[in-house]
Amino acid sequence: MAPTIIHPADHHRGLRRSQRQAGVQGAQTSRMSILDTLKNSTWLRWPLLAFSRLLLRPLKAGPSLLRRAAYDALPVRYFVTGQREQFVVSTRDKVIGRELFLQGEFDFGKLQSALDILSREGLPLPRHLIDVGANVGSITIPALARGLVHDASAIEPHPENLRLLQANLALNGLAERVRVLGLAVGADTSSQLNLRESASNSGNHSIGAVGIAVPSARLDDLDLPHPDALLWMDIEGYEGHALHGAANLLASGLPVVCEFNPGFLCESGGLSWFQAALAGRRIFDLQDNTRTETTLDALASALDTHLAYTDILAIPAGQGRRV
């Protein structure tokens, strides 16, 4: 076998290459050593933590306008927020998620107003909450955590809302007290509906001609508790269809809290069903501080713009005392 001959120039190039590689490895090792030193340094850690807390303080206790801007600028998809209760929210949600971040709750005052009226009318307070359009748990979770109801059924069709709802129930230690149903409710049994998605408001997804396909059922088909229950519903104009599919549930006499938006109800074709389902019930406008009895016709006349809406409590005519 012929001997291998290495040219002196090749030998020198190989040495230089080895030296460069050794230099790079040495520099990397040095940088890693410096990073490890900084990471494990007690005297640097506390100033950095203090600086981080200073930067994050507006997220917790700054002026509302600054906190709103901070929320909108968050560089993460999901964020844990809340005050008395904790919620995982999508930072793309600029309505319910943002309000939970700013105020710690969303629309919860309406439930408290409804319970106050029931108490004033001498009616029993509910032990079970049927939350239709439960979203991420903004009503169900504080209602349970604050002892206003004992257990709940939470109905939510949107896939991401449903995942966050289940996560939030677990986060607050309430999963065992809530039956979660991942579907929409309407006028027909075992059907499929289309859910139009809102890009910026997780509470504004609505049933329409197009959208993502979601399973649907009538409320009467879901074996929901009747005694000592309250039906809470906010489903963007589809309330008429849902109530039409809840004749047996309504016949039990349970109180109903729901949004009343004549424009949305007309668009969905459910206004007449809404009116028929609540005919003969006593109506209270939850946005009226006087909390006096009214009628759907009077409210419809007052809500004279397409986007105008209110929230109502409806109880059977024979229940409570007249004020």
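Which unit do S4, helix H7 and S5 make, and in which hand? I looked this up and found that strand S4, helix H7 (residues 159-171) and strand S5 make a right-handed β-α-β unit. A crossover is called right-handed if, with the strands pointing away from the viewer, the path from the first strand over the helix to the second runs clockwise.

Before going on, I noted that this is a predicted model, in which local features need pLDDT of at least 70, side-chain atom pairs count only at pLDDT 80 or more, and totals for chains, interfaces and linings use all residues. I also noted that residues are numbered from 1 along each chain as its sequence is written, and that side-chain values use heavy atoms, with hydrogens and water left out.

Next I looked at the other side of the path. Strand S3 (residues 128-132), helix H6 (residues 140-145) and S4 also make a right-handed β-α-β unit. Helices (H or I, at least four residues) and strands (E, at least two) are DSSP runs, numbered from the N terminus.

Then I checked the pairing, which requires that DSSP finds at least two bridges between two strands. S3 and S4 pair in the parallel sense over five bridges, and Leu 129 stands opposite Ala 152 in S4. S4 and S5 (residues 178-181) pair in the parallel sense over four bridges, with Ile 155 opposite Leu 181 in S5.

Last, I asked how covered S4 (residues 151-155) is, and found that four of its five residues are buried, where buried means under 20% relative accessible area with a 1.4 Å probe, protein chains only. Of the 323 residues of the protein chain, 43% count as buried.

Notes:
Buried < 20%, exposed > 50% of the residue type's maximum accessible area, 1.4 Å probe, protein only.
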